Amino acid sequence: MSNSAAPLLITTGEPAGIGPEITLILAANGQLNNTVAIGDIQLLNQRAALLGLQLDVVEAAPGSEEVSSPGRLVVWPAALREPALPGVLNPANAGYVLETLQIAVDACQQGHAAAMVTAPLHKGVIIEGGFPNFTGHTEWLRDACGVDEVVMLLATDQALHAQSSHWQGSGDLRVALVTTHLPLREVADAVTYDKITRVSRLLAADLKRQFGIVTPRIAVCGLNPHAGEDGHLGHEELDVIIPALKALRAEGLDVQGPFPADTLFTPRHLVGIDAVLAMYHDQGLAVLKYAGFGQAANITLGLPLVRTSVDHGTALSLAGRGIADPNSLGVALALAKQIAARRANASIAL
Ligand SMILES: NC(=O)c1ccc[n+]([C@@H]2O[C@H](COP(=O)([O-])OP(=O)(O)OC[C@H]3O[C@@H](n4cnc5c(N)ncnc54)[C@H](O)[C@@H]3O)[C@@H](O)[C@H]2O)c1
Ligand SMILES: N[C@H](C(=O)O)[C@H](O)COP(=O)(O)O
């Protein structure tokens, strides 16, 4: 399994998007030490030339010990199926994007990497490229690693680095999701007793294991307006969420709520809370991205390996222009490094 002294891997993501160039920009800025990128060498050279970056892009064999240094980006190669232009999606390259992920998973599992950090991919073009069940990195990694449940957590920069419990930063957030990438129409049916209990247990366990929070306090959103208004505005709170939280409390988890989601995210309600559990994607991530877009990272909880990601997508209209902000990739790298070290120390302590 992952080796915390080994390099961090960056999968460069959708080739038509901003993933390749934010990787190159960080490399040119000297911010990718002990890091290796995975992607197409020619693509990376073309993007570096397009952006006028002074950078050597150097190929190395997967698993080799060579790492990037200021002005030099070391790349484990994967070959594009067809040439890629900035901003122009091509389903023929879906297999290439997934191949970069598989190289990273294999390297983490074989101890050749400390963690994988993913630049954004485009879910739609992967689906169109012949992978109809693809819904995102999170679920793909769950299946690739053979685990039953994973949890998507996004956190703003300050919240990522506050190790101790009950931080009180205003605007700093950790937000986890009960449901992830599914149509809003299907959300209510997916919010089940079983799902809430499994996600909450995993969230509490990984707030300890990956963030070093000894006694995690979790505040849980309702699904409906005003948390269902005692059943007058929806029944999921009474039928599912409240019974699930009651069972979790009986197990000793500090899960509070369900609270009306519109006011749960106000600073007064977040005092003493380590993470908010939202019922669906935009309930939680709209707030998180308002609080810290570009200064946050995404982490997949529940995996046997460390995976973090950026807080943004492929931003196709910015691709190839050199104006995309690479900061979230830097945050995701710093977080991956921190978590890999914490997990290594915890396993030594065991
Ligand atoms: N980690 C990931 O792989 C990931 C994360 C989010 C979205 N996506 C995917 O990305 C695609 C596009 O999604 P979207 O349009 O909802 O979100 P997006 O984040 O790509 O774009 C939303 C807005 O933010 C801007 N933006 C995004 N990244 C930026 C950056 N680094 N610097 C400056 N501005 C930036 C864009 O220009 C756009 O205005 C979809 O296929 C989505 O599924 C992938
Ligand atoms: N839900 C994430 C976001 O909005 O930032 C994003 O789509 C990435 O999901 P994966 O890590 O599962 O690809």
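Two residues are in contact if their C-beta atoms, placed from the backbone, lie within 7 Å. This is a predicted model: local features need pLDDT of at least 70, side-chain atom pairs count only at pLDDT 80 or more, and totals for chains, interfaces and linings use all residues. Residues are numbered from 1 along each chain as its sequence is written, while chains are lettered from A and ligands numbered from 1 in the order in which they are written.

**View 1. Arg307 and its contacts.** Arg307 lies in strand 12 (residues 307–310); strands are DSSP runs (E, at least two residues) and helices likewise (H or I, at least four), numbered from the N terminus. Arg307 counts as buried because 28 C-beta neighbours fall inside 10 Å; the cut-offs are 20 or more other C-beta atoms for buried, 12 or fewer for exposed, and partly exposed in between. Beyond four places in sequence, Arg307 is in contact with Ala115, Met116, Thr118, Leu141, Ile299 and Thr300.

**View 2. Lys289 in helix 12.** The helix spans residues 281–292. Lys289 is partly exposed, with 19 other C-beta atoms within 10 Å. The unreviewed UniProt entry lists Lys289 under "binding site", along with His137, Thr138, Asn298 and Arg307. Such annotations may be inferred rather than shown by experiment.

**View 3. The shell around ligand 2.** Its residues are Gly136, His137, Thr138, His281, Leu285, Asn298, Ser309 and Asp311, each with its C-beta atom, placed from the backbone, within 6 Å of the ligand. Helix 5 (137–145) and helix 12 each give two or more. Domain 1 (1–146 + 306–325) and domain 2 (148–302) each supply at least three; these bounds come from an automatic or database domain assignment.
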